[in-house]
Every structure is written in C-alpha cells, then in structure tokens.
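I hope they are handy to have beside you while you look around.

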Amino acid sequence: MKKIVFIATMLMASITLIARQKPADEKQSQPHAQEQALVQRLYETQASGSDSDFYEAHQAFMNYLEERKDWDKYYRTWMSRVIFDVNHKYFHRAFHEISYLKDDIEERHQERYLYIANMGLGFFYNGRNQPELGEKYFRRALRGIDVEKDPVSVFNCYLSLAQSLSFIRPAEAMACLDSLPQQMLENPMYDSGVLGYRCIIANKMGDNEAFERYFAKYDSIRHHLPDQFNATNLQQVMVCHSLIRKDYQTALAWCDSIDVPMTATELRINVYEQMGDWKQAFRASELKDSLLLISEREALEFHTADMARDIDQLQAEQEKAEIRHIQLMVVGLMAFVIISMLIGMLVYRHKKNRRLKEQFIQLQEARRRTEAGQAIRHAFVSAIQEKLMPPINMLRVYAHIFNDPDFVLKPDERPKRYKDILHAARAIESLLDPVLDSYARGTVGISDEEKQVCMDALRTPLLTLINTSEVIIDGNGHIPHEEYMQLRASVCRDAYRVATSAHQLILFSIYNDEIPSPKQDRVGLNEMVRSILNSYDLHPSAMEKQRVLTTEFKTEVADDVMVNTNLLLQELLNCLLDNADKYATGGTVLMSCYANADGTYAISVSNEGPSIPASDAERIFDPFVRLSPDEHSLGIGLPLARRLAISMGYNLYLDQTYTEGVRFVVSGI
C-alpha cells in the first residue's frame, strides 16, 4: 500500500506568528527582538538537520520562556522538540520528552496544557505507523482545549487529527481539513501548510483533479509570498507533483533533498514502483528494512530503559521508607520482592524480545531471498520473452495470411515461406524447456503432471508444425494442390496454436505474482473494445468450412465515455475471445459494453455452444485444468485472463445466468 509521510507539523508556525506580533509599547521592544532572534535561530537549526545545534537552540529558547513564565509558548516549544525527534525517528528520545513534559505540567500545576502531552503521544504513534492510536490521542487532546481562548491549538490539533486519518481513512481526513476555521486560513503560513496536506491526501486518494486545484494555490503562495510560505511538506508535495507528470528524475531529486533517511527511502520506493524500475525499488526496500531494524533496536532499548526507570523509582521509594522509619522494614522487604519480580520480568522480557528479534530477522531474510528469487525469475522470463516474441509474431502473421482461403502462394515461393515458419518453430522449441524449468522453480511452481500438460499442449502442435513445414519444403512445389491445401490448413492451425500458447505461457509466468499494474492509459471504452474485436481473427482456418461463425459488438455506453486502463486489457479480452472462438459451435461471438450500478463499467464476451457446469465455474480459472479428457489445450487462457484482471483491479467471472452458451464478464472498469 502506498503510504503517506508528513514531514513535520504546524506548531512551530504558530510560535513564529506569536513571536512576530508587535509589542504593546516601547518597553517590550527589546524582549520582543530577543524572542524573534531565538525563534529564527531555532528554525535555522531545524532546517540544517544538525541534532546538536537544534537541541542547543531549543534549550536556549526554553530558558528564555521559562524566565518570562510564558507557559503557553513554553510548552508549545517543548512540543517542537518532540516533533523533531519523531521526524528523525528518535522514538526513544521523543517518548521520554513527552513523559518529562507531562511531569513538568503537573509539577507547575499547569494542567490546562495537558492536551499538549496528548498531542505529543499522537505524533509519537503516527511516527511509529500506528495511526489508530494517533487518532485516539489527538481526539483526547481536542477535549482538553478551550476552543474560545486557544483557537490556534484547536487548529493545530484538527490538522494533526487529519494527518492520523490520512493513513487509514483519507476521505475523512480531507473532510477534517474542510472543517478548519476559515479565519485561520487567511494567514498564508497556515493556508500553505494546510494546502500541502490537501495535496498529499488528494494524491493518496488518486484524485488528480483535486491535487492540481490545491497545488495551484499552494504553488502561488510559494512563489508570490515566500516569506510567509510554510515549507513543512514541500518535498513530498513536489514528489507527488512530479509523479503525476511522470517526471521521475525530478521526483527522485526532491527525494534526495529530504534529510530524514526513512522518509526519503519510502518516497523513493513509490517513485521506482511507478517507473517500473523494480531493481531500484528492491534496493530501496532493502535500505528501508535496514532502517526499520535500527528502529526496532531503538524500541528494544526504549523498553529496557523504561523498565530500568521503574526499578530506579522503586529503589528510591525503598530508600525513603528505610530513612523514614525502621518499622517500615516490612514494606522494604515487600519492595525487594517486587523488585525481584520486576527483574525477573525484565529478564524474561529481554529474552522474549531477543527471540522475537531473531525470528523477525529470519523472516526478513526469508522474504528478501524470496523477493530476490522472484526478481531473478521475472528477469529471466522477460529475457526469454524478448527472444520468443519475434518467432511468435512471425507464426501469427503466417497464420493470419494462410487463414485467408483466397490467398495464393506460388509453388516456387513455398520453400522460402515455410522455411521461415520452420525456423520460427524451432526457435520456440529451443526455449520451451528453459521457460517451463524456470516456472517449475518459481514461488508457486508446477507439478510434474502440470508440466506434462504444458509439454503435451505445446510440443505436439509444435512438432506437427515442424514436420508439416518440412514436408512442404521437401515437396519443392510439386505437392498436388488439394493435398497442399490440407497441409497448409494444418500449418495455419498449428502455427496459431503454438504462437498463442507460447505467448500465454510467458504472460502467465510474468504476471504470476499478481503485482498491481498501473492504469496510466485513458481511452474511449467503445472505441477500444470495437478495435480489439475488429482486429481478432476467427480460428480454426476458414478453409476448413466446419462452421459459420461471425462477430458482433453491442454497447449501452455512450461513445464519449473514457476509462483508465492499460494495454493488458487487450491481452485479457484476446484470451476471452480465444476461448469463445474455440468452443463456439456456430452463430455469433458477441462483445458487449454496459454500465454497472456502482458507476463502473463492464465488458462481456459470449458465444453459442456448450455451457459450463456450475460446479466448474471457478475450477476453469485454475491453471492447466481441462474439463474434457480428450482436450489437449494448454489450459491457461482463462487463468491468465483472471490474473490480468486482478493485476488491474478488475473482476472476471463466469455469468451462470447465461444459458445459450458461455458468457464471461469483466467488471469494475
């Protein structure tokens, strides 16, 4: 799933706006200037990426606010330290800062600021990819804010709640942003920050139109009001903007500008996946895994430190009890027992965490090996596909030509043409064993029986095609016309069968992992389906005159309807046409387009002939299944069609209400 990463928050922006307010009189001008200088330094160190510089500047500003007893800015500024640690994946530090912040609020009796501690927990859980808990604490923080006295905090809390919702319910997150007070959005710094969130959420929802609308306003503030522009999520917005325009190099350049390794790596994975550069995506995933291991190790240290802190607190209580009175020795003994139990729990938890860590590493290693094997097999099959496509296309061309009974080939031209067919057939024959062996060693694999099905369906027509072509070549144009036409019909049938089966086997192997295929092509639905049907050749050879079969196209959809899809839909429909053509006893092969109640569209392909029993309605989509023992087909046309449908997010099923033959439906387009 594509994940949204928000790089920071709006709290620091609110601090800056308050700091920039003009003083009420000249006596306040000097402290006000000092505060502005401290805020500016804090922003510069935050942008520099240096931890030590940021912590030093942060502490200086905190000391200044504590001296002035400005608790509102004091606790907001403290929260900026938590946000900095979360953004840089320093979760151990962030959790302790939240704990110290809560203790400080209670010690100073400033309980009205406890909502800031809840917001800190919300940021903490968002950063650790636990948005449900993040939502819980942001909603708890909202209940503790005085709406009339502190609109800035209400604004920040709603914005943070939208961040949590964007991970799991992006539409609700957008609605949350729509409910923000409009008077706050009149300030360009707040407005640009919110627009950045809107751009990222619209990109996650796939709403390019909304993205462009928000980005236009966002970019306008960026160029026309640079001093008031909030660049919090600028890098991610620009990555989304570049991906929409398929400008992958610019997207990668923006990724490189992010100084948080995990965030940059996650965005690079998104870019490489859309580029189709699976090798780089795999490398980026490996880097992400290593960063996650570091994060897990820090989490383990955090749990250990937390237990040590509990033990220290119990020891302190024990010492106080012993100093207070000797009669509390019983309490001390009980404390010792409790401490012993805690130490035992600590040891048990440490061993358990170590085992879990070892299991996690083993699982990660197994997953990496599996993904590497899949990538190698995919690359191998893709390389074979490049070698197979020329001979497959050649056989298809000759099958198309010889399927026309009016086409006449002179006797002296026959040796040359049939040598081309012979060479193409032998090229395919030489590559069949590597393809089947590679597929047998894949993650799904095939049994010996299924491999024999493949060999039977491919080797038999292939050898027949080779032998028939050799007979025609050896005849050197002296074969009687009637016999030659029979041989030619056999060549046509076997060439089509070999080309189609080899092509489907390659596609089935490539898309066996059910990896989603992006639908980047926008085409007219009727125009596309009509073109596919018009370019399809009915088989077996028309010279055999065994049946009368026609094609027809019907639609209930307007011609101006456009859909998002990709070229795999043509392969899918060709598989359904092959199946309808193969089993039709006559009549019409019909392709239809119509609209569904949910706003999507569907395409159906039907023929007139024998129906499929209800018990086999799903079994026909299993690879290498033959419903008849006399059948010698490869048995992957329908399974391939369903794999392609799943990869594009469609649904392919057998319409069991159709009784005049067989009708398959592709829905969800």
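**Notes on the predicted model**

1. Let me start on the outside. Leu333, Phe336, Val337 and Met341 make up a nonpolar surface patch, and together they have about 420 Å² of accessible area. Please keep in mind throughout that this is a predicted model. Methionine 341, one of the patch residues, sits in helix H17, which covers residues 329-402. Methionine 341 counts as exposed because its relative accessibility is 51%, and the cut-off for that class is over 50%.

2. For the overall picture, the protein chain contains 23 helices and 7 strands. The chain has 669 residues, 48% of which count as buried. Its accessible surface amounts to about 33300 Å², with 53% of that belonging to carbon and sulfur atoms. If you take the contacts between residues at least 6 apart in sequence, 70% of them join residues at least 24 apart.

3. Next come the charged pairs. Side chains of opposite charge can pair when their charged atoms come close. Searching the whole structure turns up 22 salt bridges, and I have picked out a few for you.

4. What do the side chains of arginine 76 and aspartate 72 form? They meet in a salt bridge, at 3.4 Å from N to O. The two residues are 4 apart in helix H4, so about one helical turn separates arginine 76 from aspartate 72. Arginine 76 counts as buried because its relative accessibility is 4%.

5. Glutamate 172 has a relative accessible area of 33%, so it is partly exposed. Arginine 139 is partly exposed as well, because its relative accessible area is 32%. Glutamate 172 and arginine 139 also belong to a network of salt bridges that links Glu135, Arg139, Arg169 and Glu172.

6. Now for the covered helices. Helix H8 (residues 151-168) has 18 residues and spans 26 Å from its first C-alpha to its last, close to the 26 Å expected at 1.5 Å a residue. Because 15 of its 18 residues are buried, H8 is largely enclosed by the rest of the structure.

7. Helix H23 (residues 637-647) is mostly covered, with 10 of its 11 residues buried. Among the buried ones are Leu638, Pro639, Arg642, Arg643 and Leu644. Which elements do the buried residues of H23 pack against? Their partners are helix H20 (481-510), helix H22 (568-583), strand E6 (651-654) and strand E7 (661-667). After H23 comes glycine 649, which has a positive phi near 80°.

8. Do have a look at the loop between strand E5 (601-608) and H23, where you will find phenylalanine 624. Phenylalanine 624 counts as buried because its relative accessibility is 8%. In sequence, phenylalanine 624 is 15 residues from proline 639, while their C-alpha atoms are 8.5 Å apart in space.

9. One last point, on cysteines. How many disulfides does the structure hold? The count is 0. Take cysteine 199 as an example: the closest cysteine sulfur to its own is in cysteine 240, at 8.1 Å, which is too far for a bond, because a disulfide needs the sulfur atoms within 2.5 Å. Cysteine 199 is buried because its relative accessibility is 0%, and cysteine 240 is also buried, with a relative accessible area of 5%.

Conventions:
Residues are numbered from 1 along each chain as its sequence is written. Side-chain values use heavy atoms; hydrogens and water are left out. Patches are made of residues with over 30% relative accessible area and no salt bridge: like charges are joined within 9 Å, nonpolar side chains (Val, Leu, Ile, Met, Phe, Trp, Tyr) within 5 Å. Accessible areas come from the Shrake-Rupley method with a 1.4 Å probe; for residues, only the protein chains shown count as cover. A salt bridge is a side-chain nitrogen of Lys or Arg within 4 Å of a carboxyl oxygen of Asp or Glu. Buried means under 20% relative accessible area, exposed over 50%, partly exposed in between (1.4 Å probe, protein chains only). Contact means heavy atoms within 4.5 Å. The expected span of a helix is 1.5 Å times one less than its number of residues.
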